[in-house]
Amino acid sequence: MLKGSFRYTGEAGTDEAGRGCLAGPVTAGAIILPEGFKNSILNDSKQLTEPKRDLLRPILEAEAITYAVCHIYQDEIDRINILNASILAMHRALDGLSAAPSFILVDGNRFKPYPDVDHECIVKGDGKYMSIAAASILAKTYRDEYMAKIHEEFPMYNWKKNKGYPTKEHREAIKKYGLTKYHRKSFRQLPEQLTLDL
């Protein structure tokens, strides 16, 4: 059972999507839900089907006190590394909130202090706290939408389906067609190669 805010009114949840992908951005969501918010479907985005995530997103957007989403694109990921990019995406999503949070719940075990607001990292927090679960749904749906859009430009990688994750199909396409401008050049794109000749 997901819990509501456990410390303060105005608590923000934040989470990211796309950290392990070979292509596209890492995307973070941040959200402050109203006290007493309840939804029987809401859960960690990875536990929900795509139709359920798509159903929840407009409900969360309509009922949230405030929410924001931020993409950090592949060039910046390559420059600062994926961990720093994930944390930066969460910070920028928090920056986008129209109301300052009183406390921040972070999914995972790594975060950098956010100015003037205390935080707590919670491993598997998206399966424990509603605000983190809601942030995970925003991050996932906005990122999936972006990947479906760039799929139209490079359909041979089938990002509409694999969302940039290292599936066998995606790696076979990289072998055949090489890398695009959307691929993360700092990532090990193929298992048998430590680096790709670019």
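This is a predicted model: local features need pLDDT of at least 70, side-chain atom pairs count only at pLDDT 80 or more; totals for chains, interfaces and linings use all residues.
Residues are numbered from 1 along each chain as its sequence is written, and side-chain values use heavy atoms, with hydrogens and water left out.

The protein contains 6 helices and 5 strands; helices (H or I, at least four residues) and strands (E, at least two) are DSSP runs numbered from the N terminus. Their order along the sequence is β-β-α-β-α-α-β-β-α-α-α. The C-alpha trace spans about 50 × 35 × 25 Å along the principal axes.

Of the 198 residues, 50% are buried, where buried means under 20% relative accessible area, exposed over 50%, and partly exposed in between (1.4 Å probe, protein chains only). The accessible surface comes to about 9900 Å², and carbon and sulfur atoms account for 50% of this area. Accessible areas come from the Shrake-Rupley method with a 1.4 Å probe; for residues, only the protein chains shown count as cover. Among contacts (heavy atoms within 4.5 Å) with a separation of 6 or more, 64% are between residues 24 or more positions apart.

T141 illustrates a contact across the sequence. This residue is found in helix α4 (residues 130-151) and counts as buried because its relative accessibility is 5%. Apart from neighbours within four places in sequence, T141 is in contact with R53, D54 and R57. The C-alpha atoms of T141 and D54 are separated by 6.9 Å, although the two residues are 87 residues apart along the chain.

The structure holds 9 salt bridges, each defined as a side-chain nitrogen of Lys or Arg within 4 Å of a carboxyl oxygen of Asp or Glu. In one of them, R79 is paired with E76, with the closest N and O atoms 3.9 Å apart. Both residues lie in helix α2 (residues 74-80), 3 residues apart, about one turn of the helix. R79 is exposed, with a relative accessible area of 62%, whereas E76 is buried, at 19%.

A salt bridge also joins E153 to K181, the closest N and O atoms being 3.0 Å apart. This pair links distant parts of the chain, 28 residues apart: E153 lies in the loop between α4 and α5 (159-162), and K181 in the segment after α6 (168-177). E153 counts as partly exposed, at 39% relative accessibility.

Within helix α6, E172 and K175 are 3 residues apart, about one turn of the helix. Their salt bridge has its closest N and O atoms 3.7 Å apart. E172 is partly exposed at 40% relative accessibility, and K175 is partly exposed at 47%. Elsewhere, salt bridges that share partners join R53, K140 and D144 into one network.
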